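Have the structure open as you read.

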Amino acid sequence: MKNCIYSAPKQEKPCLTCIGKTMKFDSILLNMVPGECVLERVELVEDTKANSGEPGCLIMTNLRLLWYSHKTAKLNLTIGYNTLVSVTSQPSNNKSKRNSANTLHILTKIGNEKFEFLFTPLNENKKDFSAILNEIHKSYCVSKPFRELRLRHHIIQANQLKVMPLEHICNRIDGVWNLANNQGNLGCFIITNVRVVWFASLNEYFNISLPYLQIAQFSVRDSKFGQVLVIESVDNSGGGYVLGFRIDPASRLKQIIQELRSLHVTQNRNPEFGVIWKSTLEDQAKTSMPLPPKDEKQDQGVRCFANYLQPDCFNSISGDHPPEFDKSIGLAMEKLPKGVNRNSLWKITF
């Protein structure tokens with residue numbers, strides 16, 4: 001059998017596994033990605049931190065939290081669940097609101113920057129949205145093996161894979177060699193509907209779990225150990241992994257490649273992210289995300305992300321720099337750091 005390569009279909013943009021790890025302000029595209037579904041939706045909610053009194057819609061999906069204004073299409077937020085630090089509920093500070101609805105208080109962090117968000121229902125609403133979001137976030141964290149590579153984790157017990165909810169084992173192959181550094185380790189290769197798992201026979205803790213969403217390419221290559229199955233992971237800025245496995249006989253290796261190819265295509269076209277929540281929404285509402293009509297006349301441009309910075313982060317950025325007069329705009333403004341200009345302040349992306 002000659003060397004053969006199966007390349008994964010090109011990933012849709014935005015990256016499916018990156019949605020939950022990012023935050024976006026005033027994004028042009030709010031469409032749902034494959035496999036994403038709406039779990040909860042709340043109408044007439046204001047972004048208290050930056051758009052007080054502006055009615056909008058708050059949406060919780062299986063990957064992120066979204067808010068958009070009903071009036072202005074560009075006023076929106078996307079908060080990936082992986083950025084959440086804390087989710088609490090607190091009494092509303094706005095005395096003009098004639099309802100007992102509490103404000104949803106969210107703290108997030110990306111890198112060294114911390115952000116604070118406040119969402120308040122404008123109408124009476126008895127649901128505890130902080131409890132709902134916390135439960136969804138908990139399910140998101142528990143289901144990370146659906147989306148992320150895992151090395152040396154407690155995924156094997158008594159020579160058996162700890163199967164996650166919504167996961168089922170498709171095949172198990174004993175006597176598979178994991179080849180690395182010109183040596184091999186004998187173990188077991190497990191194929192499920194969402195990932196491939198290998199663990200050593202003599203040490204269950206020596207294992208790897210690789211979801212199909214993180215696989216870039218399958219191939220069969222010749223080596224000094226004979227023909228081997230090679231799996232290359234996606235390079236997500238931190239570098240990718242190249243894994244080699246010897247499966248005997250060659251006819252069985254061909255069958256395994258075909259099975260992996262089929263499962264990989266299925267998971268990439270219709271991903272299962274593993275987040276479980278009993279939604280009260282109708283089935284049609286779960287698969288659609290209503291977007292506000294884009295009205296260029298009402299579009300008031302892009303907001304500065306500094307509206308959401310926590311005070312300690314804002315102070316660390318601003319410092320004690322006195323304002324100075326800028327002739328080009330005819331206004332006094334704080335002196336900008338070296339290498340930063342006014343235009344660059346509006347091009348911040350995460």
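A salt bridge here is a side-chain nitrogen of Lys or Arg within 4 Å of a carboxyl oxygen of Asp or Glu. This is a predicted model, in which local features need pLDDT of at least 70 and side-chain atom pairs count only at pLDDT 80 or more, while totals for chains, interfaces and linings use all residues. Residues are numbered from 1 along each chain as its sequence is written, and side-chain values use heavy atoms, leaving out hydrogens and water.

| Pair | Closest N to O distance |
|---|---|
| R195 and E167 | 2.6 Å |
| E232 and R221 | 2.6 Å |

Burial is judged by relative accessible area: buried means under 20%, exposed over 50%, and partly exposed in between (1.4 Å probe, protein chains only). By that scale E40 is buried at 3%, whereas K127 is partly exposed at 40%. In the second pair, R195 is buried at 1% and E167 is buried at 7%. R221 is partly exposed, with 31%. Elsewhere, salt bridges link K21, E148 and R150 in a network.

How many disulfides does the whole structure hold? A search finds 0, a disulfide being a pair of cysteine sulfur atoms within 2.5 Å. Of the cysteines, C57 is buried at 0% relative accessibility, and C18 is partly exposed at 28%.

Finally, take a look at helix α2, where the buried residues include L253, I256, I257, L260 and L263. Helices (H or I, at least four residues) and strands (E, at least two) are DSSP runs, numbered from the N terminus.
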